[in-house]
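Please read the account below alongside the sequence and the model, following each part in turn.

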Amino acid sequence: MLFDQVESDILLEIHASEIFKSLSNDQFIFLTKNMKYRTATKKQIIFEQGDTTWRLFFVISGLVQATRIDEDGQEYVNLISAHKLFPLYRLLDKNFYFNYTVEAITNISFVTFQRKDFEQLLRQNNEFALGILKHVSESMNRYEKQLSISLETNASERIRKTISWLFCELGRSNGPENEFIVIPYKIPIFLIAKLSGTTRETASRFINGYINHNHDGVIVTHFHFEKKM
């Protein structure tokens, strides 16, 4: 049973999230009756490209990397942070399989929902359905921003825009006067290199002097990032 697996504060956090807050108490109980709670450690594979599933995933804490390799061998990388639901692109497809591999970048916790329960609530609750459409739209906008970065011909500019994108997506204001932007995750240099389509050495040279790490994550100190891209 769900309530034997998940503490009440986690349930409250999920229900209060932007995606699920429009559900009534009864609808939320219906959705969570078949919910499963899971944890994964850093570098653990959650699922592989081509796997089939009839469940949706919701990240409670941590950061995961989604990687897809197309028929030409081209690699595409995306990040999924806390309070994100995936995969939504095949929600109404008859065949529900993953077109990417998902790996934990940090230790993570997440829950999964049965697809059929989710679809039933979409038919019953218009506000919930509109919220999911908004979530899908935001995901598409993030993908378009990443695509525009990949089309930049200058490697240093791709790295700069990638870092801007990371801080816009994951950053939080910090410091006495909010003078710092903090990403509360350890972002490996190789991942920044992948996202910006450069080598690890090139990314490392560019980043040196702009950002630094502490035990909480990544801190930007002297980097001008674009709040609107």
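Serine 150 is found in helix α5, in a model that is predicted. Along the chain, serine 150 and lysine 161 are eleven residues apart, and their C-alpha atoms are separated by 9.5 Å.

Helix α5, which spans residues 126–150, also has a part in the largest pocket, where about 1,100 Å³ of space lies. Of the 37 residues that line this pocket, the closest to its centre are Tyr76, Val77, Asn78, Tyr143 and Gln146. Which element gives the largest share of the lining? That share, nine residues, comes from α5. At least two lining residues are supplied by each of β4 (64–69), β5 (75–80), β6, α5, α6 (155–170) and α7 (189–196).

Two of these contributors, β4 and β5, are paired with each other in the antiparallel sense over six bridges. In this pairing alanine 66 has asparagine 78 of β5 as its bridge partner, and Asn78 is also among the residues closest to the centre of the largest pocket. Together β4 and β5 form a hairpin with five residues between them, and in the turn glycine 73 has a positive phi of about 85°.

Strand β6 also belongs to an open sheet of four strands, in which the order is β1-β8-β3-β6 and the pairing is antiparallel. Because β1 (36–40) and β6 (85–86) stand at the edges and each has a single partner strand, one side of each is left without a neighbour in the sheet. The partner of β1 is β8 (residues 108–114), which runs antiparallel to β1 and is joined to it by five bridges. One of the residue pairs here is alanine 40 with isoleucine 108, its bridge partner in β8. Across β1, β3 (55–61) and β8 lies helix α2 (residues 8–16), running at about 110° to β3.

The aromatic rings give another view of how separate parts of the chain come together. A pair of aromatic rings is described by the distance of the centres and the angle of the planes.

| Ring pair | Distance of centres | Angle of planes | Class |
|---|---|---|---|
| Phenylalanine 47 and phenylalanine 57 | 5.2 Å | 55° | tilted |
| Phenylalanine 47 and tyrosine 100 | 6.1 Å | 45° | tilted |

Phenylalanine 47 lies in strand β2 (residues 45–47) and phenylalanine 57 in strand β3, so their pair ties together parts that are ten residues apart in sequence. For the other pair, tyrosine 100 lies in the loop between β6 and β7 (101–104), so its pairing with phenylalanine 47 in β2 ties together parts that are 53 residues apart in sequence.

Are the residues of these pairs buried or exposed? Phenylalanine 47 counts as buried at 4% relative accessibility, and phenylalanine 57 counts as buried at 9%. Tyrosine 100, with a relative accessible area of 12%, is buried as well, because the class takes in values under 20%.

Elsewhere, ring pairs link Phe20, Phe58, Phe113, Phe118 and Phe128 into a cluster.

Notes: Residues are numbered from 1 along each chain as its sequence is written. This is a predicted model: local features need pLDDT of at least 70, side-chain atom pairs count only at pLDDT 80 or more; totals for chains, interfaces and linings use all residues. Side-chain values use heavy atoms; hydrogens and water are left out. Two strands pair if DSSP finds at least two bridges between them. Contact means heavy atoms within 4.5 Å. Axes are lines fitted to C-alpha atoms, for helices over the stretch in contact, and angles run from 0 to 180 degrees between N-to-C directions. Rings of Phe, Tyr and Trp (its six-membered ring) pair if their centres lie within 6.5 Å; planes under 30 degrees apart count as stacked, over 60 as edge-to-face and the rest as tilted. Buried means under 20% relative accessible area, exposed over 50%, partly exposed in between (1.4 Å probe, protein chains only). On a 1 Å grid over the protein atoms alone, a cavity is a set of points where a 1.4 Å probe fits but cannot get out, and a pocket is an open set with protein on both sides within 12 Å along at least five of seven lines; lining residues have an atom within 4 Å of a point. Grid points are joined across faces, edges and corners, and a volume is the space filled by probe spheres set on the points.
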